[in-house]
Amino acid sequence: MSAQTIEHIVLFKVKDDTDPSKVNAMVTGLNGLISLDQVLHLTAGPILRNRSSSFQFTHMLHSRYRTKEDLGGYTAHPNHMSVVKECVLPICNDIMAVDWVADELNGPIVPRPGSAMRVTFLKLKEGLGERDKGDVLGTIGGMKELFGSIDQITVGENFSPARAKGFSIASLAIFKGLDELDALNSNEEAVKMQKDKVRGFLESVIVVDYVIPPSQSATL
């Protein structure tokens, strides 16, 4: 358990007809950033399922840090800036990033290779009060108690609005594997009940599923 962990997620839309070798170079370059001292965990690769019609992201990066300062150090690091400039920006036509503080993270900082992830970004309707926002955060954070297939869940408010496209709340649910994630999908009635609790507060939602490649070493 960690008292506080910084979650960092970036979604990428690779341009159509991009040479596969350039896509591989981007993924390899991003995964290589695990070597930076500030990084506790990092994985990058293709998105398994994009459940949002408004955005067609193709790849995802998820990483974790001890502090906001460590995240800032990673972002400003020459190696990171080089990968972004040389491997990411030339082949991507859309990028968004969301950062939040995960308080009292239960379970490992580094998810196991083969773990499945569901990432959810929420854009709230204008004019909502703190109580409404708290209801949304509480509903999402309580899902682990309702769905046994969830190994770990974090939820929080985005603190880096520049690249978040107006999405202010994010959550990350981690499952042992794809079977466990699909088990959540099969529990349609219970999932619908939770969605109905927050639907009236939301303007837009982004949901993507991702699996940490088994070939990535345990240090990732």
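## A quick tour around strand β6

Strand β6, residues 116-124, is mostly covered, with nine of its nine residues buried (buried means under 20% relative accessible area, exposed over 50% and partly exposed in between, using a 1.4 Å probe and protein chains only). Keep in mind that this is a predicted model: local features need pLDDT of at least 70, side-chain atom pairs count only at pLDDT 80 or more, and totals for chains, interfaces and linings use all residues. Residues are numbered from 1 along each chain as its sequence is written, and side-chain values use heavy atoms, leaving out hydrogens and water.

**Strand β6 and its partners**
- Helices (H or I, at least four residues) and strands (E, at least two) are DSSP runs, numbered from the N terminus.
- β6 is covered on both faces: A116, R118, T120, L122 and L124 are buried on one side, and M117, V119, F121 and K123 on the other.
- Strand β8 (residues 169-175) pairs with β6 in the antiparallel sense over seven bridges, where pairing takes at least two DSSP bridges between the strands.
- In β8, A173 is the residue opposite R118.
- β6 also pairs with strand β9 (residues 202-211), again antiparallel, over nine bridges, and V205 in β9 is the bridge partner of L122.

**Salt bridges**
- There are ten salt bridges, counting a side-chain nitrogen of Lys or Arg within 4 Å of a carboxyl oxygen of Asp or Glu.
- One of them joins R118 and D209 at 2.8 Å, N to O; R118 sits in β6 and D209 in β9, so this pair ties together parts 91 residues apart in sequence.
- R118 is buried at 13% relative accessible area, and D209 is buried at 0%.
- Another links D182 and R49 at 3.0 Å, N to O. D182 is in helix α6 (residues 178-186) and R49 in strand β3 (residues 49-50), 133 residues apart.
- D182 is partly exposed at 30%, and so is R49, at 26%.
- E157 and K133 also meet in a salt bridge, at 3.2 Å, N to O. E157 belongs to strand β7 (residues 150-157) and K133 to helix α4 (residues 130-141), so parts 24 residues apart in sequence are tied together.
- Through shared partners, salt bridges join R49, R51, R118, D182 and D209 into one network.

**Cysteines**
- The whole structure has zero disulfides, taking a disulfide as two cysteine sulfur atoms within 2.5 Å.
- C87 is in no disulfide, and the nearest cysteine sulfur, in C92, is 10 Å away.
- That 10 Å gap between the sulfurs of C92 and C87 is too far for a bond.
- C87 is partly exposed at 21% relative accessibility, whereas C92 is buried at 9%.
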